[in-house]
Every structure is written in C-alpha cells, then in structure tokens.
Amino acid sequence: MSSVTFEHLTKTYPNGFVSVDDVNLHIEDGEFVVFHGPSGCGKSTILRMIGGLEDITSGRIYLDNELLNDILPRDRRLSMAFQNYTLYKNFNTYENIALGLRLRNFPLTVIDSRVKTAAKFLGIAEILDKKLKAISDADKQRTALCRAIVCQPKVMLVDEDFARQDENRRKEMISDILKINRVMKITVLYVTNNYEEAVSLGKRTVFMKDGKITHISEAAEKRSKC
C-alpha cells in the first residue's frame, strides 16, 4: 500500500475548460477515499491523471515520495477499474486474469500462483477454465478485479462507470473492493456521483464542484472517536 499526494493539481483542456483547479490532498497508506460530485466536476479526471491516461497541466502527483508526473502508465504501481476493462472473449477466465502478468514476462509458476490465489479470494476459482460467454456479468467484473490485483498494485483506482449495472451487482462490486482494501491493504480511490452511496460507505469523502474540493468529510471510524 502507498500514500497518494496531490500538490496544486490542475487540468486545463485546449478549449480553455478547467477540469481540475489547483487541488491539494493527501491520502494515507491503506485508505479508502471516496470522490463525490456531479458529472464534470473533475473527479474522474483526477483518477485518469493518477493512472497516466490524462496529461497533467500543472502540479504534482506523488505515490509515497515518488513523483508520478513523468512515469509511464505501465511503470506505475497502480491498477485501474474503469468502464472499459477489456476482457477478451476468446480467452477463458484464467487467461484473462493472467494477461498482464504474461505481458510482463512473469514466470509461469508465479502467474499460476497469483491467478489461483486472486480467484479464490474473490470467489471465482471454480470458473477459471470457462470462456467469457459462459460466465455471468458479475463474474466478468470479478475477473477484471482479479486481473487488477494479481499485479500487486499499491493503489487501486475505481471509476463509477465500472459499476454501471443493476443495484445488487453494484453492491456486490463495492463489497469486493472494500474487501480488497481491508484484507490486502491496497489504497483505494473510488469515484461516484451517487450521494447516498458516497455517504453510506462511511469512508473519508472528498466533495468536488467545478474542479475544486468544496469540503472533506472524515471516515465514520474517525468521527466516532471525536
């Protein structure tokens, strides 16, 4: 797990639109932090800048003490769970989970151990040999989460679009991510525009509007100690 720090983080597009406006924030090792706000407030853009999918106009992002600004996306110790998680229909579940490790030339024994451990952790060990068309949408999402954790990221970035499905499946997905955060100690940044969902999680919540942080609510466990 790792901390994440933003210093004067700003994103301005060529048309002059300021998506993220001078944001400063520190996220502790192992925290689960929720970003909430209306569409277009900059919350998803922040995740994309952390992941290297968007260029930073100005400011700095640190993973622990490492400046991320100029590090290639593939070299950042991060995993991303966005809407387009790209599972391959011609692969079975095992092959989809293992793909990132194979591309990085991990030994086959390490790949096998990590894939089976992740699948057992998220309850899909029995479907590793099944093709995508033979598994449920919920299990496809768990397959994508398994692929995210087998690379042993320090931070997981989760965008609300990843959970754009029926309410029960969304709750299952959130439960899985909370488990990943709690048991594996991976720092999680979770974006949602659903206010009830944001406050019900009981985690530190960063409220945003027009590219700025308007206020931050403490996690329920911290409030209870006050």
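User: Before we get to the pocket, what makes a residue part of its lining?

Analyst: A lining residue has an atom within 4 Å of a point of the pocket. In this predicted model, 31 residues line the largest pocket, and L78, S79, M80, R104 and C151 lie nearest its centre. The volume of that pocket is about 840 Å³.

User: Which helices and strands each supply at least two residues of that lining?

Analyst: Strand 6 (78-81), helix 2 (93-103) and helix 4 (137-149) do. By kind, the lining divides into 18 nonpolar, 6 polar and 7 charged residues.

User: Okay, on to charges. Why is the K11 and E54 pair called a salt bridge?

Analyst: The cut-off is a Lys or Arg side-chain nitrogen within 4 Å of a carboxyl oxygen of Asp or Glu. For K11 and E54 the closest N and O atoms are 3.6 Å apart, so the pair counts as a salt bridge. K11 sits in strand 1 (residues 4-12) and E54 in the loop between helix 1 (43-51) and strand 4 (58-63), so the pair ties together parts that are 43 residues apart in sequence.

User: How do you know whether K11 is buried or exposed?

Analyst: Buried means under 20% relative accessible area. K11 has 8%, so K11 is buried.

User: What makes K212 and D21 a salt bridge?

Analyst: Their closest N and O atoms are 3.1 Å apart, and the limit is 4 Å. K212 belongs to strand 10 (residues 212-217) and D21 to strand 2 (residues 18-27), so this pair ties together parts that are 191 residues apart in sequence.

User: What makes D139, R142, E172 and D176 one network?

Analyst: Salt bridges that share partners join them.

User: How many salt bridges turn up in the whole structure?

Analyst: A search finds 11.

How values were computed: Residues are numbered from 1 along each chain as its sequence is written. This is a predicted model: local features need pLDDT of at least 70, side-chain atom pairs count only at pLDDT 80 or more; totals for chains, interfaces and linings use all residues. Side-chain values use heavy atoms; hydrogens and water are left out. On a 1 Å grid over the protein atoms alone, a cavity is a set of points where a 1.4 Å probe fits but cannot get out, and a pocket is an open set with protein on both sides within 12 Å along at least five of seven lines; lining residues have an atom within 4 Å of a point. Grid points are joined across faces, edges and corners, and a volume is the space filled by probe spheres set on the points. Helices (H or I, at least four residues) and strands (E, at least two) are DSSP runs, numbered from the N terminus. Ala, Val, Leu, Ile, Met, Phe, Trp, Tyr, Cys and Pro count as nonpolar, Asp, Glu, Lys and Arg as charged, and the others, Gly among them, as polar. Buried means under 20% relative accessible area, exposed over 50%, partly exposed in between (1.4 Å probe, protein chains only).
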